[in-house]
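Let's take a walk through this structure together. Have a look at the sequence and the model first, and then read on.

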Amino acid sequence: MKTYFILWKAEFKRFWTIGMIIFAMTMIGLGLIPSVVMMQSGMVKKLSALVASADQFVSFFTFLVFSAGIVGADIKNGWVRTLLIRSITRQQYITTKMAVVFTAQMTVYVLTVAIALLIVSFDPTVTIMFDLSAAMVAIVLKCAHVFLMIVLSAFISCGVQGAFNSLFVYGWMTLSQAMDFIVMRKYWDVHWAVVLKDYIFPTGFEDAQHALAANMAFPLTELLWGFAALFIFFAAALYAMNNVVVDTGSE
Amino acid sequence: MNQRRYNEIKIFAVIGALCTIAAAVMEYVPSSATVQWQPYATAFQTAARENKKVYVDVYAEWCGPCKLMDRTTFANDTVMAMLQNDVIAVRVNIDDEKIGAEVKKKFNIQAMPTSLLLMPDQMEIKRNVGYMDGTQFIDWIADTAVSEFSRWDDFPGAATRAAAEHKKIFIVALQDSLKVYELDRAFRKPAVKRLIRDKCIPTLLLNNNTGHQKFIRQYVLLPSIDFIGYLYVFSPAMELLQAVPLRNYDGLRLQEMVQQIIADAEKPA
């Protein structure tokens, strides 16, 4: 555990370059605008709705930049080799790496929510209902979705060079949305197409969050799909990392 | 060392596989909904006899949101009661070669699930494509199937009551039933309802209703197709006092129009 923490600290310091700090601050600024506007216009009246939608316009972009080359870049620049010859296991490395990106993503998210709340607290016309239990559920599902995306990105990064993992995830997600658009408009009565389109990209936790926000019944199926994707891609990421060829000599 | 690593990977993979199986099973759990669906073939006759609208749920066995509606919306007690009491509820499987194909063609179904609300003569009142949760569904049905107009007197009855109560007759004459549901929200505004009911006996005439056509021909102008309809105020002796064409029907404008037409009808000729 101590090794994990030391490694996390080292990776955290490496992650936050000046460029990353400026990018994160820009994303917080951009995320704040819709959050504050939605609260002031009355579209968002509950804390749970705010935490569910706070960084919706920037979260995917933040994720793409933060997780770009999460493993691939370190393989290329020799950092993985440096760690592995210092008795750090591959599992420790990749888990810590995912944790660092997760922390960074959640930092941007939490700051967006906190600053948005601080800004509207000065506006007497805005009233926000603090439904803490619903907000907590929304935050947990948000965390789970973000972590799933990072695991997915890390898995792909083990197999592709540099920042291409982000492009790959972006392409995958775009393909899923395009399929959804085409199937729902043209092939909505083709059985296999309708079933397939729901499983092209893993969005179980996000779907569960939407279901709860819309007052639907407990989204057990969506949560199970989310956990299924999380565990399978986590296992795949560990397996892929174990098979990355790094010349460590005495590993 | 390597074996330990692979064992951990196997554990994660097995948990993932178990979750996948559980989710897949859950996805295909049969519906426990107990809505009493009526047969499509006789639904419209029943609706005409009971003076109700027909709700048609167009679904497919392979449609995810349809199954979700079964598990959530149609399992909601209020929804079940509404479908039982307020409308004639019908369900059509789009893959059914006879009825499914007929409904798909007739109502131009383009996605699933599609919810249709129909008049007994099969005229479409409105449709919703996609999932609706319990609350949305209740609003969607209540909005139209239990409309303000359904509480108004029928025409000959309204005239008799107006004479007995020395009130004026407020007639909304519209081109067709679709307009009724577009206007319903505006007529349900408390201010509009109060205005009409304090001074008048309201009634509705529809140009596409064969029963209403004879009254339209006898008493009012046949609504021009340039307008969605007319608002009329008659004296209890059926003398025309006011007539205003309806072009747009946003709530605020309608309130002003109703206020104006009733005030003008009050003035001496």
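This is a predicted model: local features need pLDDT of at least 70, side-chain atom pairs count only at pLDDT 80 or more; totals for chains, interfaces and linings use all residues.

Residues are numbered from 1 along each chain as its sequence is written, chains are lettered from A and ligands numbered from 1 in the order in which they are written, and side-chain values use heavy atoms, with hydrogens and water left out.

Start at the interface: 30 residues of chain B are in contact with 31 residues of chain A (contact means heavy atoms within 4.5 Å). Here H1(B) supplies the largest share of the side of chain B that touches chain A, 16 residues (helices, H or I, of at least four residues, and strands, E, of at least two, are DSSP runs numbered from the N terminus). Across this interface of chain B and chain A, the rule finds 0 salt bridges (a side-chain nitrogen of Lys or Arg within 4 Å of a carboxyl oxygen of Asp or Glu).

Over all chains, though, a search of the whole structure finds 11 salt bridges. One of them joins the side chains of A:Arg14 and A:Asp74 at 3.3 Å, N to O. A:Arg14 lies in helix H1 of chain A and A:Asp74 in helix H5 of chain A, so the pair ties together parts 60 residues apart in sequence. Both residues belong to a network of salt bridges that also links A:Glu11 and A:Lys97.

In chain B, the side chains of B:Asp70 and B:Arg91 form a salt bridge at 2.7 Å, N to O.
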